[in-house]
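Here are my notes for your first look at this model. Keep the structure open and find each residue as you read.

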Amino acid sequence: MAAGAPGEQSPAPGCGEPPTVKDPQSGVGYSHENYLMLNSSQSVCPHKSPLSPGVTAAKMSGEMDKPLISRRLVDSDGSLAEAPSEAPRVGILGSGDFARSLATRLVGSGVSVVVGSRNPKRTVGLFPAAAQVTFQAEAVGAPEVIFVAVFREHYSSLCGLSDQLAGKILVDVSNPTEREHLQHRESNAEYLASLFPTCTVVKAFNVISAWTLQAGPRDGNRQVPICSDQPEAKRTVSELAHTMGFTPVDMGSLASAREVEAMPLRLLPSWKVPTVLALGIFIFFYVYNFIRDVLQPYVQEGKNKFYKLPLSVVNTTLPCVAYVLLSLVYLPGVLAATLQLWHGTKYRRFPDWLDHWLQHRKQIGLLSFFCASLHAVYSVCLPVRYSYRYDLVNLAIKQVLANKSHLWVEENVWRMEIYLSLGVLALGMLSLLAVTSLPSIANSLNWREFSFVQSTLGFVALALSTLHTLTYGWTRAFEESRYKFYLPPTFTLTLLVPCVVILAKGLFLLPCVSRRLSRIRRGWEKDSAVKFTLPMDHSLAQKTSHV
């Protein structure tokens, strides 16, 4: 199916956590302005549906704990009873993938569904047995809510139903392609409203994929943006979305439909900046390691070590990227705390670049975990290389020629044991941070548990990574032979940012700094930040308290 078809809507980008006054990674309190998020739209989630007394949100919450629909219902074997007559009745125009998934979801939610198709005999077997499949003119007669699950170019084919659709609510679920979105100035929903002026058009469910409708909202995004010019129509569709187990979000009038239709067209918008950052750091360290480990031996010693480019140089670069990215997760919290201490208030807005940095910490942390995991896999592959085997055989031959029967350096043995152990512990901590950042896991934790994992254990992961790096370097930073082309060892560069973060964290733990920062989090402001004008009357001045 072509992109933008109603049967292939993409899920909306994941929404961020609700804003709070305390940062889970740095422990810094922020003002409301500093935590304005993109999903600030007002949600319309009524707890009781007026569609029918027999369909309520309380009933739906219990049903959502069970499997969505039995296999017999999806296969349409006709053995299941039809939906009760008192159930709310909804119509669907279209018989594509999205229409079938939508009908399946509605039937499982206790809604009576009538499907209008141009060829009902051919498509009746694709829908649940409880759904009535008939011609389009017959399908739009009784229902007050009609889902239009057809492409934009087919809207005009429905003009013959204008009289039957008069006064009804049309729910547009279509999505344009990127080319169509740029080509047309008006949204699909606005175009549909222009064709049917006697109807009320509501834009909804376009960010929900057919798979999410079948598997249930717990396997996808729960939020359903809804926009319309009629509040009553929005309320009706919102109640229907809530009955299906989704969370409706009020996006305003139908003029917002163009923005709602652009949501499925965005490809990981919150990951672009972190990905570019990680790629830039990777390129820098890869070139740096190439100069030290490959180019320098070739230029000064005549040794050909270009075979290291595919695996060895990559494996040396990945831990550098992971370590630096992890430190960049906690550096903005340190900068934010420093600004709050400098200004003496939490109500002063942070710079835009710091705001964006704070909002991308989750993605930066997951990229750090990704690079660390690749480093672990690459390290396991190192002994499999032929170059490693040849070096091992050559070392054994040199030992035999030197008449050495026992080769054992106690310092190197202990250093490698500690180095590997710290690396495994650091990777384990990063795994825990990555798992708890998933919405399904984060929602099951209370604020103290989430803050402990992301802040305390996150800092422990950074400390373990620092010890892992220091154990790897050992005394190499002080050996002249390690400075190739006068360039210091790579691990010394990676230590710069993490050491700054750790040092700043230690300073924040000092009682004088910690008490001041705690007071700022609770709303205290220094005299230079807020000025109070005391009344002239001395008796009234004594009754005035300073905040």
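**Notes on rings, salt bridges and a helix contact**

1. Start with Phe-306. Its relative accessibility is 33%, so Phe-306 counts as partly exposed. Please remember that this is a predicted model. Every value below is computed from it.

2. Which residue does Phe-306 pair with? The partner is Phe-290. The ring centres are 6.3 Å apart, and the planes make an angle of 55°. Phe-290 belongs to helix 12 (residues 272-301), while Phe-306 sits in the loop between helix 12 and helix 13 (312-343). The pair therefore ties together parts that are 16 residues apart in sequence. Phe-290 is also partly exposed, at 22% relative accessibility.

3. The whole structure holds 13 aromatic pairs. Another of them joins Phe-284 and Phe-285. Here the centres are 5.1 Å apart and the planes 75° apart, an edge-to-face arrangement. Phe-285 is buried, at 5%. Look as well for Phe-147, Phe-205 and Phe-246, which ring pairs link into a cluster.

4. Now turn to charge. The count of salt bridges is 11. One of them joins Asp-97 and Arg-100, with N and O 2.2 Å apart. Both residues lie in helix 3 (residues 97-108). They are three residues apart there, so about one helical turn separates them. Asp-97 is partly exposed, with a relative accessible area of 31%. Arg-100 is partly exposed too, at 21%.

5. Lys-168 and Glu-144 make a salt bridge of another kind of reach. Their closest N and O atoms are 3.9 Å apart. The pair links distant parts of the chain, 24 residues apart. Lys-168 is in the loop between helix 6 (162-165) and strand 5 (169-172). Glu-144 is in the loop between helix 5 (136-139) and strand 4 (145-148). Check the accessibility of each partner. Lys-168 is buried, with a relative accessible area of 5%. Glu-144 is partly exposed, at 48%.

6. Next, find Glu-261 and Lys-203. Their side chains form a salt bridge, 2.9 Å from N to O. Glu-261 lies in helix 11 (residues 257-262) and Lys-203 in strand 6 (residues 200-203). The pair therefore ties together parts that are 58 residues apart in sequence. Both Glu-261 and Lys-203 are buried.

7. Finish with two helices. How do helix 14 (residues 352-359) and helix 15 (residues 361-381) cross? Their axes come within 5 Å and cross at roughly 50°. That angle makes helix 14 oblique to helix 15. From helix 14, the contact uses Trp-357, Leu-358 and Gln-359. From helix 15, it uses Arg-361, Gln-363 and Ile-364. By type, the contact residues are three nonpolar, two polar and one charged.

Notes
Residues are numbered from 1 along each chain as its sequence is written. This is a predicted model: local features need pLDDT of at least 70, side-chain atom pairs count only at pLDDT 80 or more; totals for chains, interfaces and linings use all residues. Side-chain values use heavy atoms; hydrogens and water are left out. Axes are lines fitted to C-alpha atoms, for helices over the stretch in contact, and angles run from 0 to 180 degrees between N-to-C directions. Helices (H or I, at least four residues) and strands (E, at least two) are DSSP runs, numbered from the N terminus. Angles under 35 degrees count as roughly parallel, over 145 as roughly antiparallel, 65 to 115 as roughly perpendicular and the rest as oblique. Contact means heavy atoms within 4.5 Å. Ala, Val, Leu, Ile, Met, Phe, Trp, Tyr, Cys and Pro count as nonpolar, Asp, Glu, Lys and Arg as charged, and the others, Gly among them, as polar. A salt bridge is a side-chain nitrogen of Lys or Arg within 4 Å of a carboxyl oxygen of Asp or Glu. Buried means under 20% relative accessible area, exposed over 50%, partly exposed in between (1.4 Å probe, protein chains only). Rings of Phe, Tyr and Trp (its six-membered ring) pair if their centres lie within 6.5 Å; planes under 30 degrees apart count as stacked, over 60 as edge-to-face and the rest as tilted.
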